[in-house]
Amino acid sequence: MAGALPAVEQRITVQTAGYLAALDQVLAAIREFLPEESEPGS
Amino acid sequence: MAVDVAGNIAYLQGVLALVERAAPAVADKAAQYIAERIALDTLTRQRLSPGMYHRARPGAPPAMMSGKLADAMFTEPASGGLRASALVGNSDKRARVFELGGCILKPTSGSHLGWKDTGRKDNPSGIWRHRQVDMDDEHPFIEPTTDEAIDEGELQRIMIEEFRKYDP
C-alpha cells in the first residue's frame with residue numbers, strides 16, 4: 001500500500017524579475033544621455 | 001578609470017545577462033540546503049538502534065534508525081528563467097505518511113500485523129500483533145525544516161550569498 005504513495009515534495013520558487021526591472025530602468029535612464037545618432041553623410 | 005555612456009550601457013547589459021541566470025541557481029541552492037538540513041539535522045535529532053521500542057511523540061520528526069529516510073532526500077534542478085522553481089523531496093515509501101499523517105496500516109495478507117522489538121514494561125517480550133496500526137499523527141520533517149530555516153533567516157542568507165555571484 002505504502003509503496004504506491006508518491007514522493008513528498010516541496011517546491012522552492014525564486015523570482016528575480018523585480019531586480020531585472022530595476023536594472024532595465026537604470027539602462028533606460030542612461031540611454032537618454034546618449035547623443036542622438038547623426039545622419040550618415042551629414 | 002573613466003567610463004563613457006556607451007561603456008556604461010555595455011556594462012549594465014552584461015549585468016543583466018548575468019542576473020538572468022540567478023533565479024535557477026538560487027532556487028537550486030535553497031533546495032540543496034533544505035535537503036541537507038533535513039538529512040543531517042532534522043532526521044538525526046533522535047537516534048535509535050534498529051529494533052528498539054519507540055513510541056513517537058505526535059508532531060515530532062521521525063527518529064533515525066537505519067538512516068534510509070535521510071538517504072532518500074532528493075532535489076530536482078530548477079526550471080524556469082526569471083521565475084525559477086526547484087524541488088526538494090523524499091522518495092522513501094514512508095515519507096508521505098510521516099509528513100502528512102492520516103494513514104491506517106492494515107495487513108495485506110493474514111489478519112494481523114506483527115513485529116518484534118525490545119519491548120516495554122507491559123510487554124517485555126517485544127512481540128507485537130495488531131489488526132491495524134493507526135498512523136494518523138503527523139511526523140513532518142520537510143515543511144517544519146523549511147519553516148525553521150526561514151524563521152532563523154538562514155535560508156535567506158544562503159540565497160543572498162548565492163545571488164551575489166550573479167550581482168557584480
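**View 1. B:Glu161 lies in helix α6 (residues 154-164) of chain B.** Helices here are DSSP runs of H or I with at least four residues, and strands are runs of E with at least two, numbered from the N terminus. The model is predicted: local features need pLDDT of at least 70 and side-chain atom pairs count only at pLDDT 80 or more, while totals for chains, interfaces and linings use all residues. Residues are numbered from 1 along each chain as its sequence is written, and chains are lettered from A and ligands numbered from 1 in the order in which they are written. B:Glu161 is exposed, with 11 other C-beta atoms within 10 Å.

**View 2. Chain B contains six helices and six strands.** Their order along the sequence is α-α-α-β-β-α-β-β-β-β-α-α. With a radius of gyration of 23 Å, well over the 15 Å that the globule rule gives for 168 residues, chain B is more spread out than a compact globule. This radius is taken over C-alpha atoms, and the rule is 2.2 Å times the number of residues to the power 0.38. The C-alpha trace of chain B spans about 85 × 30 × 20 Å along its principal axes. Buried residues make up 24% of the 168 in chain B.

**View 3. Chain A meets chain B through 25 residues of chain A and 35 residues of chain B.** Contact means that the C-beta atoms of two residues, placed from the backbone, lie within 7 Å. On the side of chain A that touches chain B, β1 (8-15) and α1 (17-31) each supply at least two residues. That side of chain A consists of 17 nonpolar, five polar and three charged residues. Nonpolar covers Ala, Val, Leu, Ile, Met, Phe, Trp, Tyr, Cys and Pro; charged covers Asp, Glu, Lys and Arg; the others, Gly among them, are polar.

**View 4. β1(A) pairs with strand β2 (residues 83-90) of chain B.** The pairing is antiparallel and runs over eight bridges; two strands pair if DSSP finds at least two bridges between them. Opposite A:Ile12 stands B:Ala86 in β2(B). Chain A has one helix and one strand, and 10% of its 42 residues count as buried.

How values were computed: Buried ≥ 20, exposed ≤ 12 C-beta atoms within 10 Å, placed from the backbone.
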